[in-house]
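Hello,

Here is the structure I said I would pass on. Please open it first, then read my notes below.

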Amino acid sequence: MIEEKLKDLKSFFRSMDKALIAYSGGIDSTLVAKVAYDVLGDRSIAVTAVSPSLLPEELDEAQEQAKIIGINHELIETEEMSNPNYTSNPVNRCYFCKSELHDKLKPLALERNYPYVIDGVNADDLQDYRPGIQAAKERGARSPLAEMGITKVEVREMTKILGLSWWDKPSQPCLSSRFPYGEEITYEKLYRVGRAEIYLRKLGYSNLRVRFDRDTARIELLPTQIKEFIAQNNLPAIVNHFQSLGFTYVTLDLEGYRSGKLNQLIN
């Protein structure tokens with residue numbers, strides 16, 4: 001089944017002469033970039049949007065992965081932070097983010113005679129509230145993983161089959177997803193959340209979120225890691241570090257990390 005879907009993904013790219021990949025460095029878009037390059041070679045290109053909501057460390061990883069794949073890789077800057085429809089953080093914030101992204105990518109694709117912009121949206125993404133998907137569709141983007149019913153688990157299996165070492169890389173949506181809807185997004189807040197997460201990663205926790213709640217940082221870890229985190233870490237040192245970033249209080253979410261948690265508040 002997985003092998004058949006992987007063949008179908010390769011056939012998708014064989015049907016086109018060139019491909020421009022909206023490449024975040026996440027496991028989904030990296031799989032798409034890998035298959036595109038395997039089929040099209042230098043007639044494929046990966047383009048990454050650089051903005052304050054992307055951790056510098058994530059950008060570094062994206063660049064390193066692109067080198068390993070071999071695909072041509074370019075960076076563009078997006079300016080969603082200048083759009084109050086984005087920074088006011090409404091429930092459809094992602095629509096304005098993806099609109100900005102694809103309003104930059106589509107002209108680039110047309111200029112270089114790429115017929116489509118290809119993204120890494122997978123079948124599971126269609127089951128969650130993702131207004132950014134609509135923005136991409138409105139601008140003509142294609143989502144082969146979603147079109148072929150390829151799930152996140154299958155993306156990981158395909159990545160492993162292709163021999164890529166990051167097959168188990170945790171999902172890492174943009175930093176703006178750490179803020180409750182209605183909380184204004186600023187450069188300073190993005191920086192605080194980003195550096196807090198990097199601090200925890202260096203302690204050995206890769207699948208996590210630091211949620212911003214006014215003057216409180218709420219740490220979300222995998223449920224199986226909560227007891228270990230409390231028992232094995234210097235909690236006062238963690239609190240001191242978070243306070244040095246500008247937080248007043250530091251809490252640990254006892255439910256643990258769960259993808260799409262903020263969307264449970266949408267009626």
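This is a predicted model. I began with two helices. Helix 1 covers residues 2-14 and helix 2 covers residues 27-40. They pack at an angle of about 60°, and their axes are 9 Å apart. Helix 1 and helix 2 are therefore oblique to each other. The crossing of helix 1 past helix 2 is right-handed.

Next, the residues that meet there. Helix 1 brings L6, L9, K10, F13 and R14. Helix 2 brings L31, V32, V35, A36, V39 and L40. By type, this contact has nine nonpolar residues, two charged ones and no polar ones.

Have a look at K5 too, in helix 1. Its relative accessibility is 11%, so K5 counts as buried, the limit being under 20%. Beyond its neighbours within four places in sequence, K5 is in contact with M148, G149, I150, E154 and M158.

Now the cores. The largest nonpolar core has 29 residues. F13, I21, L31 and I118 touch the most other members. Two or more residues come from each of helix 1, strand 1 (19-22), helix 2, helix 3 (56-69) and helix 8 (152-161). Helix 2 gives the most, with seven residues.

Setting aside neighbours within four places in sequence, L31 is in contact with L9, L145, V155, M158, T159 and L162.

Another core lies apart from the largest one. This other core has 25 residues, including F179, V193, I198 and L200.

Best wishes

Key
Residues are numbered from 1 along each chain as its sequence is written. This is a predicted model: local features need pLDDT of at least 70, side-chain atom pairs count only at pLDDT 80 or more; totals for chains, interfaces and linings use all residues. Side-chain values use heavy atoms; hydrogens and water are left out. Axes are lines fitted to C-alpha atoms, for helices over the stretch in contact, and angles run from 0 to 180 degrees between N-to-C directions. Helices (H or I, at least four residues) and strands (E, at least two) are DSSP runs, numbered from the N terminus. Angles under 35 degrees count as roughly parallel, over 145 as roughly antiparallel, 65 to 115 as roughly perpendicular and the rest as oblique. A crossing is left-handed if the near helix is turned anticlockwise from the far one by less than a right angle, and right-handed if clockwise. Contact means heavy atoms within 4.5 Å. Ala, Val, Leu, Ile, Met, Phe, Trp, Tyr, Cys and Pro count as nonpolar, Asp, Glu, Lys and Arg as charged, and the others, Gly among them, as polar. Buried means under 20% relative accessible area, exposed over 50%, partly exposed in between (1.4 Å probe, protein chains only). A nonpolar core is a set of buried Ala, Val, Leu, Ile, Met, Phe, Trp, Tyr and Cys residues joined through side-chain atoms within 4.5 Å.
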